[in-house]
Every structure is written in structure tokens, then in C-alpha cells.
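Student: Please take me through this model by question and answer. Keep it brisk.

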Amino acid sequence: MTKGAAMTTNETDPLPTSLPSHVRIAIVGTGFAGIGMAIRLQQEGIDDVVLLERAGEVGGTWRDNRYPGCQCDVPSNLYSFSFAPNPDWSRTFAPAPEIWRYLRHCVERYDLRPKIRLHAELTGAAWDEALGLWQLQTARGALTAEVLVAGAGALHEPAVPRLPGIDSFAGEAFHSARWPEGLTVEGRRVAVVGTGASAIQIVPSIQPEVARLSLFQRTPPWVMPHPGRAVRPRERALFRRLPALQRLVRAAVYWGRETYVLPFMHPPLSRLPERVARQHLARQVPDPELRRALTPDYAIGCKRILISNAYYPALTQPNVEVVTAGIREVRPHAIVTDDGVEHEVDTIVYGTGFHVTDMPIGSLVRGRDGLALDDVWRGSPQAHRGTTVAGFPNLFLLVGPNTGLGHNSIVFMIE
């Protein structure tokens, strides 16, 4: 962001012009991956590009996730493009609305709107060997492209468990990434299914409002103290006046987080973060029985490590129950667990993650032999450096298989 620039957006842009019949490069998705790719191509003098977006606005994950308490768990100065620093983050770990606003600002700053086609979901892509082109089908028509870049990411297609009776539920049920706009849960009996990164943000955000909250836990996560804080006005002023200082802070955050890999490379070192997590749990959950239920029985790092200062305290409140029994079925007004207990609820929030290993694009893209990516992967996605797949010429995956496992910023990785 240029000195003194304010992040402005235009949320009422008219639908862009019709699809071109042919482009040099077609990019699928307008989250961090797609927007970053388009900007870098533009900086290299490549302008014959179209971005295909299935929704009515850009933003990807940060457009879709609007649940209470949603924020990034990577520091803001790192979870942003190196070439577009934002001196105006309100917190060291930015809330979702600010990240979405940042992405829209990047679109305006780099004049990407003319290249974006909204409501243009990719419905099929086939490599034409004779022409040496990708034949693309979208919700807004067909086009060809010399190069296809898949920037849809892996965290955009919600995964909802297949539970017996799930369709019989008479209340309101939705995935965390599909939180209804304007919904209030005040006075409701809410079930939160799952204990992942979304759930630990939702639970403390809604706990004071609900009449009853039932958290259905299959596996407890390791939870570390959250180091986030508000960014001081003086810091923001310094970042605006001295952009080099913000770049220095970004580099320091990066190298600091690089040290997180050491316990994975040298398992004995994992005892230190595990001790911190155990102490965090002990300080915030005095009840030994509840603490036992919330203590993981696996080595730290085997599942995503989460950060929160509010999750454990919320679980100790009198209107919250932690349910560790498996879910047997869903009834019109309740969830029944394997121990036969019926938990009456009127709202179900599924914090159950996304289709990651079975990403939707796998069935849409067909390569040189007419095989889809799913046919080649057979349930185990692989790609050279997470980016290219043999038999799929001029196809490049951003945030492809096995690339989202790091301890640092995925935005840094994309760049």
C-alpha cells in the first residue's frame, strides 16, 4: 500500500464484460493465490489473463468465512503480499473482514477488475492435444487458454459429515464457512461439531449469547497461548512513514516462525511446546475431569496446532458442555450420541473442515489422455513440488497437494 493510502473497495461493481474466446493464461479463483498470480504476471508484462471466479465478489476463503470471531492465525505482516504491505492492520493477527478488505484493495490498486469474470465457475477443463490449448467450460460460457492456473485452493468446499438423520433436523444447520448473514444465536441451544481452527474461534465468540452450547469433540487439539494484540497507532504511523521498517518486521516474523519447524525435525524438542500447551490448559481449566477430556493423547504437531486465549475459558462456563461420545444420529430437535444421550439443540454449526484431499477441481480437469486429475491421483493427490502433474501440460496448481502443511504463511509460500 502506498504511503498514506486508505484501503477502499467497490462492492457494487457491475458484472464485467463477457468472456474472451481465448486468453494466454486463465486463472481459477480470486483468493490470495489467484490475485497474487495475476499481479505477478502483470509485473512481468503479461496482461493477456482472465480470472474466473464462481462467486459474485473476489476474496476466496476470506469472502466466504464470516463466522463470529473469524481471524487469521498467522501474523498480519506476514499474511499479506510482500509487494503490497498494509500499515493499517488493526491487530497483529487480523480479523477476517480486514483481510477481505485488503484483498479487494489489491484488486483495485493493481487494476485487476477488467480481468475478472464473476459468476464464472469452472465446470470443466480438457487439454486439446491437437491445438495445444485448454478447452474451458464455465457457467458463463466457453473459452480456450494456453495455460491454466488453478488457484482455487483447498479450503473452499465445506465438508459436512454424513450423519444418519442429518436431513431430518428441523432447526438451522450450516457449515462454519456458510454462516448466514445477520444470524444471531442469542438464546439458542447451539451444537458446534468439531474442534478445529474455526470451532475454537466460534465457541468463545457465541458462548456469552447462547442459552446452551454443546461442543462435540472427536479429537482435542493442542492449544497454545495466543500472542495477538492491537496494533498501536504509533506503530501504524511508523509503518506508513517508513515502509522499510514494516518489511523488516515481516522478515523477523518469517524467520521467527521458521524456528517452529525444529521440533518436527528433532522430536525431542517437541517437549517444549507441549509443556507450554499443557501449562496453558492447566491454568485455564481448573476442573480435572474437563481438563482430562481436553488433553490430547497424541504428539504435538500430528494435528494442526491452534492458538487461543478464550477457547478454554469458554468451555468452563456453566452453559457449555463438552461431549466426547461419538454422534450416532441427528433427530429433528436433537443430536444423539453413541452413549444413548439425546442432546436437545435448535442450531447446528459444522466446524468440520473442507474437502482437501478430494478437492473438487480434481474431477473437473482432464489431461492429455482424457483422464481427470482424480483418475491419476486415485485418492492420494500428488504433484511435482505441489505445482505440476505429468500428463497435464501447461497446468499449474497454486496451493496444490502437500503444500499447505507448513508452519509459516501460505501467502509467503504462494509468492
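**Loops, core and overall form**

Student: Where is the place of V399?
Tutor: Helices (H or I, at least four residues) and strands (E, at least two) are DSSP runs, numbered from the N terminus. On that basis, V399 sits in the loop between β18 (395-397) and α13 (410-414).

Student: What kind of model is this, and what pLDDT do side-chain atom pairs need?
Tutor: Residues are numbered from 1 along each chain as its sequence is written, and side-chain values use heavy atoms, with hydrogens and water left out. The model is predicted: totals for chains, interfaces and linings use all residues, local features need pLDDT of at least 70, and side-chain atom pairs count only at pLDDT 80 or more.

Student: Why does V399 count as buried rather than exposed?
Tutor: Buried means under 20% relative accessible area, exposed over 50%, and partly exposed in between (1.4 Å probe, protein chains only). V399 is buried because its relative accessible area is 16%.

Student: What is the phi of V399?
Tutor: Most residues other than glycine have a negative phi. V399 is not a glycine, yet its phi is positive, at about 55°.

Student: H119 also has a positive phi. Is H119 buried, exposed or partly exposed?
Tutor: H119 has phi near 55° and is not a glycine. Its loop runs between β3 (116-117) and β4 (122-128). The relative accessible area of H119 is 44%, so H119 is partly exposed.

Student: Which residues is P401 in contact with, leaving aside neighbours within four places in sequence?
Tutor: P401 lies in the loop between β18 and α13. P401 is buried, with a relative accessible area of 7%. Contact means heavy atoms within 4.5 Å. Leaving aside those neighbours, the partners of P401 are W377, P381, Q382, A383 and G386.

Student: How far apart in space are P401 and P381?
Tutor: In sequence, P401 and P381 are 20 residues apart. From C-alpha to C-alpha, their separation is 5.6 Å.

Student: Which members of the largest nonpolar core touch the most other members?
Tutor: A nonpolar core is a set of buried Ala, Val, Leu, Ile, Met, Phe, Trp, Tyr and Cys residues joined through side-chain atoms within 4.5 Å. The largest one holds 69 residues. The members that touch the most others are F32, W62, F81, W179, V192 and I206.

Student: What does W179 touch, not counting residues up to four places away in sequence?
Tutor: W179 belongs to the largest core. Its contacts are R66, Y67, P68, F174, V185, I202, I206 and V349.

Student: How many residues of α4 are buried?
Tutor: The buried residues of α4 are A199, I200, Q201, I202, V203, P204 and I206. What covers them includes β8 (189-193), β9, β11 (306-307), α10 (311-315) and β16 (347-350). The helix α4 is mostly covered, and of its eight residues the buried ones number seven.

Student: What does Q207 touch, not counting residues up to four places away in sequence?
Tutor: Q207 is in the loop between α4 (199-206) and β9 (212-216). Q207 counts as buried because its relative accessibility is 12%. Its contacts are L213, A314, Q317, N319 and V320.

Student: How far apart in space are P233 and L19?
Tutor: P233 is in helix α5 (residues 233-241). P233 is exposed, with a relative accessible area of 59%. P233 and L19 are 214 residues apart in sequence, and their C-alpha separation is 44 Å.

Student: What radius of gyration does the protein have?
Tutor: The protein has 13 helices and 18 strands. The globule rule is 2.2 Å times the number of residues to the power 0.38, and the radius is taken over C-alpha atoms. With 415 residues, a compact globule would come near 22 Å, which agrees with the protein's 23 Å.

Student: What share of contacts with a separation of 6 or more joins residues 24 or more positions apart?
Tutor: Buried residues make up 47% of the 415 in the protein. Among contacts with a separation of 6 or more, those between residues 24 or more positions apart account for 68%.
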